[in-house]
Amino acid sequence: MVGSPVLLIAIPLLAAFVIPLIGMIWKELVRIIPGLVLAYMLILSATLLYYVSQNGIIVETIAGWQPPWGINLVFSPLTGFLATLMSALGFLVWLFSYRFKRNVDFEPAKKYFIFLMLLIAGAIGIVITGDIFNQFVFIEITGISAYALTAFYTGRNSAEASFKYLMMGALASSFLLVAIAILYSQLGTLNMADIASKMHTMNPTYKIIALIFFITGIGIEAEIFPLNGWAPDAYTEAPGPVGAAFAGIVVKAGVYAIIRMIFTLFDIPSAYDFLIVIGLITLIVAETSALRQEKLKRMLAYSSIGQMGLVIVAFGIGTHEGVFAALFLMLNHAVIKPLLFFSGSSLVFNSKEKQIAEMNGLGKRMPLMAAFFSLGAFAIVGLPPFAGFWSKLSVLSAAANEGLLLIIVLILIVSVIEIVYYFRVVNRIFFQEYSREKSAAPHRPRVNALVAMFVLAIAILVIGFYPDAVTGILHNASKDLLNTDEYINNVLQLGQSLTR
Amino acid sequence: MIYLILIFFLLILMLGAAVYAVVQKDLLYAVIATGVISLVLTAIFYMLQAPDVALTEAAIGVALTTIIFLITIRNTKRYEDDYNKKDNLKSPLK
Amino acid sequence: MDDKLFEILEFGVYGASILLILIGLYAVLTKRSLIKIVIGMSIIDGGIHLLLITIGYLKGGTAPIFSPGYEEAAGQMVDPVPQALVLTAIVIGFGVTAVALSLIIRLYRHHHTLEIDEIKRLKW
Amino acid sequence: MKKFLVILILAVLGFHLFAAFSGLGFGVTRFEKGVKDFYLEKTVSELHVANTVTSIVVNFRGFDTLGEVTVLFLAVSAMGGILYKRRHHAGDRSVLFSSSSIVRSGSKLLFPAIILLGVYIFIHGHLSPGGGFQGGAIIATGFLLMLIAYENFSVSHNTLSYIESFAGIFFVVIGLLGFMNGGTFLQNFLPAGILNNLFSGGVIGIIYVMVGFKVAAELTGLIYTILHEKD
């Protein structure tokens, strides 16, 4: 075995404590070390994912206590897939923002990369932990780094967006604690597998109350409908790469936490219908709001919320195909949305208000960025040769197999709305006259940013033309999510076999 | 017996402080009332056999939280906007 | 007599912690001063901590600390797990409160007001 | 109008919460096979730590504590970033109130005693109530007292940052040493000693002392940061 899942958490934390010391010696290291750590995490999680696909789930215990008693980390095909995705994306975000603020003496810039690294470590922690209170702690780590990153620019609006996010996040964590209190008072344990195995003994009333509190708590991170008021502001006011990290990493962790609760922990069948309903509402409200937006990043934020709604609908279908489609959507969204954020933030880099109207005619001045943006736009609305097409097709076929015609109709209508607002932007970029003052030099992204965008673009094309390259991993992952008994056995059996 | 009555008294005191903290327009008094809530919670935690938590709450809840609230009020302002300001009110803060 | 009072106490402790949570929620939802909102959040935290400790309480129990000569006393001890959780939760709550207050100071620097209605330039 | 709506919603929520929790029972043993009994047994028989809360916080659920000190670290860093101003006046500090000489001499007398109490509490974290968090917070209150009483009392920011970083590094490194020796992260690899001795519990005492230093430095830094904000 090459390493162990615990290193995915321990190494970033160690690096976060080391960086302030080393930064006193050579300031450049403040930016370099997080990148090295993220690259290490990427290599480690990829090799572990390969190992897991060959040999079965890794259950890592902490402090040598067996799972019902100690905290454990679960590295299964599903969690491994998400952890690999997050660390890969994290590395790309680091690469994009490497030369982001040249001046390291600027106090927030000194800490930007620490926050970014801990954001990703926290998100990976949410995914691979097997203990609900530990998950709460990781949610807080992710949350505080996200608040700090949102308030990165010293303008007036960023503090406000950050405060709004913080308020909702703090309320959410209180709700989460109440849910944990209810579960602990009923079952006397905090381990997820143990809770899942004892869940049938619990009084149904408590079960529903606990689930409601959980979903309200985690729904804030997952951006489900009534709880996503923070998202558009935070995405708009945060720096571009941070928006990409929110859309690609934080939201995925939140969605994972919700589906782990519903698929594994709580055996409430009606929760799946609830997921479909809430997902559809999120999808429709977000996409219609996106239509009205005038700022680019705000539009992307609403589009991201809508995509998450679609993911939740697909999970709510509940079959193997549905879960597969949802994971495929998550993968595609994690690849496409960062490309849109990267290229979009480069396109509106010099403009003051970041309006869509200011993007007129940029296709001639910044052809590469415009090409990347339109590639992302085509992919996310689901045009055939690109990545988004396959995932949307699999959602539709999963819904069709279950005979959920209403869902199909709604998804198609929403796709039309999506096409309208993305193509409006593409139209402005390519077919309108350049409207800003002529003297303004176009923003030229640096080499590292270009490399990050190239990697994402190539990933979109590869997934688009050879979807088989990823479907194997996704099928394994969805099997893993649906097989609750195996999860419980794998975690608790180790408890019996491992003796100290 | 006395013990139980004492807990009741503390709970009522705590709720009273909470209501006072919410309705009081003068933020300084509201913050002090929040500190009182933490102080009473410390005593209740101790009575419920949780000395570790009581120590933490005493140091963090009573001392540090109150002081960072006070510093914030000192750096921003003392009253909610619909507070009917009395000119002759004197206080060590502002 | 004591048993009767103890039953009322059950009512009282759970009721007080839930009321504390509700009072805090009321402040967060209706108050317009930013500092009041943060005060409300810390009141909610207090209520939840009390709730957790109450769940772990055992009638006539002792604190979960073994003194010399009483190594077998585990049966009469209160549940230590909620206490450990509350320890963690208090420290995390303090961190979040501190970040919130520093954001308030920065907002005040720009807007010179603490009223949420006057600050709200971003739409909800 | 809005207030009544909120009160109505809260009343419904409160009713359901109360219905849920009043059925739980108060002061009763609620579950037969919970994790609690295991912890209470193993803390005496294997870890030799008298304070069960300490053994849970540092060993059984030590990963939570690692996350928690990270949260504090993040909070301090975030405050530094959020409150950053371009034109930073080094000497500016908000003065809560001008202190009289009684307060000054009193603080000077109390300060060493408070520090000593804090150190005592986190060194004896595995024997008596208290531990790293409590001791660290008490030390921070000591510094707070001095910061309030003396307008020109200052703490070196670099020193705080050194203490914080080194304590954090030691925590993770001790965890990784356990990983290399015993096979799992944060595992105890030192002899457990005798129950109720100062040198017992293996790495638990060491980790809690580290947590104490880290929490003290972080909380002091936090207060220092917010106190140096003056417009």
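Two residues are taken to be in contact when their C-beta atoms, placed from the backbone, lie within 7 Å of each other. In this predicted model, a contact defined in that way joins chain D to chain C, taking 46 residues from chain D and 43 residues from chain C. On the side of chain D that touches chain C, at least two residues are supplied by each of the helices α1 (2-22), α2 (35-47), α3 (52-60), α4 (62-82) and α8 (203-227) of chain D. Among these helices, α1(D) gives the most to that side, with ten residues. When the residues of the side of chain D that touches chain C are sorted by class, 29 are nonpolar, eight are polar and nine are charged.

Chain D also meets chain A, and here 42 residues of chain A are in contact with 42 residues of chain D. The side of chain A that touches chain D draws at least two residues from each of α1 (7-23), α4 (107-128), α5 (132-150), α6 (156-187) and α8 (204-222) of chain A, and the largest share, ten residues, comes from α5(A). By class, this side of chain A is made up of 30 nonpolar, nine polar and three charged residues.

Within chain A, helix α17 spans residues 405-431 and so numbers 27 residues; from the first C-alpha of α17(A) to the last, the helix reaches 38 Å, which is close to the 39 Å expected at 1.5 Å a residue. The buried residues of α17(A) are A:Ile407, A:Ile411, A:Glu418, A:Tyr421, A:Tyr422, A:Val425 and A:Ile429. These buried residues pack against five other helices of chain A, namely α11 (270-292), α12 (296-317), α14 (362-365), α15 (367-381) and α16 (387-401). As a general point, an α-helix has 3.6 residues a turn, so residues three or four places apart point the same way.

Elsewhere in chain A, helix α3 (residues 77-96) and helix α13 (residues 320-347) have axes that come within 11 Å and cross at roughly 10°. Angles under 35 degrees count as roughly parallel, and α3(A) and α13(A) are therefore roughly parallel to each other. The contact between the two involves A:Leu85, A:Leu89, A:Leu92, A:Val93 and A:Phe96 on the side of α3(A), together with A:Leu331, A:Ala334, A:Pro338 and A:Phe342 on the side of α13(A). Of the residues in this contact, nine are nonpolar, while no polar and no charged residues take part.

Chain B has three helices and zero strands, and its elements run α-α-α from the N terminus on. Of the 94 residues in chain B, 51% are buried. Among the contacts in chain B with a separation of 6 or more, 51% are accounted for by residues 24 or more positions apart.

In chain B, helix α1 (residues 2-23) packs with helix α2 (residues 27-47) at an angle of about 160°, and their axes lie 8 Å apart. Since angles over 145 degrees count as roughly antiparallel, α1(B) and α2(B) are therefore roughly antiparallel to each other. The crossing in which α1(B) passes α2(B) is left-handed. From α1(B), the residues that meet α2(B) include B:Ile7, B:Leu10, B:Leu13 and B:Met14, and their counterparts in α2(B) include B:Ala30, B:Ala33, B:Thr34 and B:Val36. The residues of the contact of α1(B) with α2(B) divide into 17 nonpolar, one polar and no charged.

How values were computed: Residues numbered from 1 in each chain as written. Chains lettered and ligands numbered in written order. Predicted model: local features only at pLDDT ≥ 70, side-chain atom pairs only at ≥ 80, totals over all residues. Helix = DSSP H or I, 4+ residues; strand = E, 2+ residues; numbered from the N terminus. Nonpolar A, V, L, I, M, F, W, Y, C, P; charged D, E, K, R; others polar. Expected span 1.5 Å × (residues − 1). Buried ≥ 20, exposed ≤ 12 C-beta atoms within 10 Å, placed from the backbone. Axes fitted to C-alpha atoms, helices over the stretch in contact; angles between N-to-C directions. Parallel < 35°, antiparallel > 145°, perpendicular 65-115°, else oblique. Left-handed = near helix turned anticlockwise from the far one by under 90°.
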